[in-house]
Amino acid sequence: MRTTGGVDATDARLLLALTENPRASVLALAERLGLSRNTVQARLAGLEARGAVTSFERRIDPAALGYPLTAFVTVQVVQRRLAEVAAALDGVPEVIEVLGLSGQADLLVQVVARDADDLYRIAGQLLATEGVERTTTSLVMRTLVEHRLAPLLKRLAGQA
């Protein structure tokens, strides 16, 4: 479930504190933000319930698991088979994210691979999926801006 807003300045300050120190205890967060422990606990529970705080998995580097290559695969799908294709992609361990798109491609699939031969195998597996019409694979050469939300949180917290 994704939130569609509803993060106020205090929530933004709390989330920003968590981005800076993800292992901080509720008590440490309360002290840092000048809030009561119960307020921090309630706000964290609310953020989790609304889907504003997502999986810990995002912080794990695939390279540390033996998958140093990242690629993005755009996929064109037979429209009436979109749900089937998504279910099939969910069954491929190297697929770490699938996004539905507007435009020429229907899906943007992020995959990780051990090496070029492994990426070739995975790309072939995606192309062989029933309902997939065409794929285009682009290898990530370098990350220029890491995934981040701190600038948005600072703006929402009034710290911009």
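What share of the 160 residues of the protein counts as buried? The figure is 28%. Keep in mind that this is a predicted model.

Let's start with the overall layout. The protein has six helices and four strands. From the N terminus on, the elements run α-α-α-β-α-β-β-α-β-α. The radius of gyration is 19 Å. The globule rule gives 15 Å for 160 residues, so the protein is more spread out than a compact globule. Along the principal axes, the C-alpha trace spans about 55 × 35 × 25 Å.

Now the surface. The protein exposes about 10700 Å². Carbon and sulfur atoms supply 52% of that area.

On to the sheet. Its four strands are ordered β2-β3-β1-β4. The sheet is open, and the pairing is antiparallel. Which strands stand at the edges? They are β2, residues 95-100, and β4, residues 132-139. Each has a single partner strand, so one side of each is left without a neighbour in the sheet. Neighbouring strands are turned by 20° against each other on average, direction ignored.

Next, β1 and β3. Strand β1 covers residues 69-77, and β3 covers 107-113. They pair in the antiparallel sense over seven bridges.

Last, contacts along the chain. Take those between residues at least 6 apart in sequence. Of these, 67% join residues at least 24 apart.

Technical notes:
Residues are numbered from 1 along each chain as its sequence is written. This is a predicted model: local features need pLDDT of at least 70, side-chain atom pairs count only at pLDDT 80 or more; totals for chains, interfaces and linings use all residues. Side-chain values use heavy atoms; hydrogens and water are left out. Two strands pair if DSSP finds at least two bridges between them. Helices (H or I, at least four residues) and strands (E, at least two) are DSSP runs, numbered from the N terminus. Axes are lines fitted to C-alpha atoms, for helices over the stretch in contact, and angles run from 0 to 180 degrees between N-to-C directions. The radius of gyration is taken over C-alpha atoms; the globule rule is 2.2 Å times the number of residues to the power 0.38. Buried means under 20% relative accessible area, exposed over 50%, partly exposed in between (1.4 Å probe, protein chains only). Contact means heavy atoms within 4.5 Å. Accessible areas come from the Shrake-Rupley method with a 1.4 Å probe; for residues, only the protein chains shown count as cover.
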